[in-house]
Amino acid sequence: EFMATIKSTDETFDILVKENKVIIFDFWASWCSPCLKMSPLLEEISEEMKDVKIAKHNLDDEPNVPVTHGVRGIPTLILFLDGEKKSTKVGLVPKSEIVSWIKESIA
């Protein structure tokens, strides 16, 4: 099945930031129940908002970037705009709130 989101690793993180005007990293782990609940919401958003890329970064498999960016609780979303860290959202929130946050961040 086609996934609209892309995978981020410690190696590809910086490249993804550089190559995409708007990219959101979803820091998650397989044992994190709120992360798993948020995943389908992010899939929907990445289908609906074509100018926004969403990359999933697994904390357990790829631990270095999350440490560098001070990720403490998950899920954590970090939005980059034009290569700059613009905004962070922590915790499971409704889809509408994620969408508003994205729109405010890139306005």
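**A tour around strand β4**

Start by selecting helix α2 (residues 33-48), which lies across β2, β3 (53-58) and β4 and runs at about 165° to β2. Axes here are lines fitted to C-alpha atoms, for helices over the stretch in contact (heavy atoms within 4.5 Å), and angles run from 0 to 180 degrees between N-to-C directions. Helices (H or I, at least four residues) and strands (E, at least two) are DSSP runs, numbered from the N terminus. You are viewing a predicted model, where local features need pLDDT of at least 70 and side-chain atom pairs count only at pLDDT 80 or more, while totals for chains, interfaces and linings use all residues. Residues are numbered from 1 along each chain as its sequence is written, and side-chain values use heavy atoms, leaving out hydrogens and water.

Next, select helix α4 (residues 95-106): this helix packs on the sheet, touching β2, β4 and β5, and its direction makes about 25° with that of β4.

Now pick β4 itself, residues 76-81.

Strand β2 (residues 22-28) pairs with β4 in the antiparallel sense over six bridges; strands pair if DSSP finds at least two bridges between them. Here Asp26 stands opposite Leu77. On β5, look for Thr88, the bridge partner of Ile78. Finish at the hairpin of β4 and β5, where Asp82 in the turn has a positive phi of about 50°.

Note on methods. Buried < 20%, exposed > 50% of the residue type's maximum accessible area, 1.4 Å probe, protein only.
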